[in-house]
Amino acid sequence: MSIIYLMLLAYYCLVIPFVSSQKYKACGDFSSLDPGEKCNESWFTIRNVLHPSQEAVGFASVKRKLEKSFQRRKDAESEMSEEYLPFVLGPRGVPYLVDSHHTVFALETSNYNVNVTLYMIVAKLKDDPWRALASLG
């Protein structure tokens with residue numbers, strides 16, 4: 001399962017187009033979403049629900065991203081309209097972000113409440129992403 005999960009993760013993170021001009025349904029509690037579906041929500045609504053799947057980010061990268069794409073609200077809206085935030089649905093329906101950690105940290109630092117589009121990669125993992133990654137050795 002671990003190799004399949006990593007292959008799916010790589011496929012959906014690298015192959016999907018990063019253009020989000022369509023309107024998607026609200027994310028809600030995520031239980032109505034299927035793998036491959038997208039949902040849209042304001043950042044201030046979703047930020048306390050979405051969990052990270054990595055324990056640290058490089059602050060230099062976050063600073064560069066913040067200076068380049070999040071100086072003004074208009075910049076933040078443009079950046080987030082062009083990028084999907086891929087996530088997996090873990091145990092108890094908890095969503096875990098699996099990529100774009102630097103982008104999300106820069107958005108949070110900017111304090112702009114813009115709409116974000118999330119993209120579900122895998123639903124209902126039996127174990128949380130931390131344990132799944134740890135089991136790879």
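Predicted model: local features only at pLDDT ≥ 70, side-chain atom pairs only at ≥ 80, totals over all residues.
Residues are numbered from 1 along each chain as its sequence is written, and side-chain values use heavy atoms, with hydrogens and water left out. Local features need pLDDT of at least 70 and side-chain atom pairs count only at pLDDT 80 or more, while totals for chains, interfaces and linings use all residues.

The chain contains six helices and five strands. These elements are DSSP runs numbered from the N terminus: helices are H or I with at least four residues, strands are E with at least two. Their order from the N terminus is α-β-α-β-α-α-β-β-α-β-α. Of the 137 residues in the chain, 42% are buried. Buried means under 20% relative accessible area, exposed means over 50%, and partly exposed lies in between (1.4 Å probe, protein chains only). Among contacts in the chain with a separation of 6 or more, 75% join residues 24 or more positions apart. A contact has heavy atoms within 4.5 Å.

One disulfide is present, a disulfide being a pair of cysteine sulfur atoms within 2.5 Å. It joins C27 and C39, with the sulfur atoms 2.1 Å apart. C27 lies in the loop between α1 (2-14) and β1 (38-42), and C39 lies in strand β1, 12 residues apart. The torsion about the S-S bond is about 90 degrees, so the disulfide is right-handed. C27 and C39 are both buried.

Six salt bridges were counted. The criterion is a side-chain nitrogen of Lys or Arg within 4 Å of a carboxyl oxygen of Asp or Glu. One of them pairs K25 with E37, the closest N and O atoms being 3.4 Å apart. Both residues lie in the loop between α1 and β1, 12 residues apart. K25 is partly exposed at 38% relative accessibility, and E37 is partly exposed at 25%. Another salt bridge joins R47 and E108 at 3.3 Å, N to O. R47 is in the loop between α2 (43-46) and β2 (51-52) and E108 is in helix α5 (residues 101-110), so the pair ties together parts 61 residues apart in sequence. R47 also lies over the face of F44, at 4.2 Å from the ring centre. For such a placement, NZ of Lys or CZ of Arg is within 6 Å of the ring centre and within 35 degrees of the ring normal. K65 and E79 form a further salt bridge (3.3 Å, N to O). This pair links helix α3 (residues 59-69) to helix α4 (residues 73-81). K65 is partly exposed at 23%, whereas E79 is buried at 15%.

Four aromatic pairs were found. Rings of Phe, Tyr and Trp (its six-membered ring) pair if their centres lie within 6.5 Å; planes under 30 degrees apart are stacked, over 60 edge-to-face, and the rest tilted. The rings of F59 and F105 have centres 5.4 Å apart and planes at 75 degrees, so this pair is edge-to-face. F59 lies in helix α3 and F105 in helix α5, 46 residues apart. F59 is exposed at 56%; F105 is partly exposed at 34%. Y84 and Y119 form a stacked pair, 6.1 Å centre to centre, with 15 degrees between the planes. Y84 belongs to strand β3 (residues 84-89) and Y119 to strand β5 (residues 115-122). Both tyrosines are buried. Ring pairs link Y24, Y84 and Y119 into a cluster. The charged end of K38 sits over the ring of Y84, 5.0 Å from its centre.
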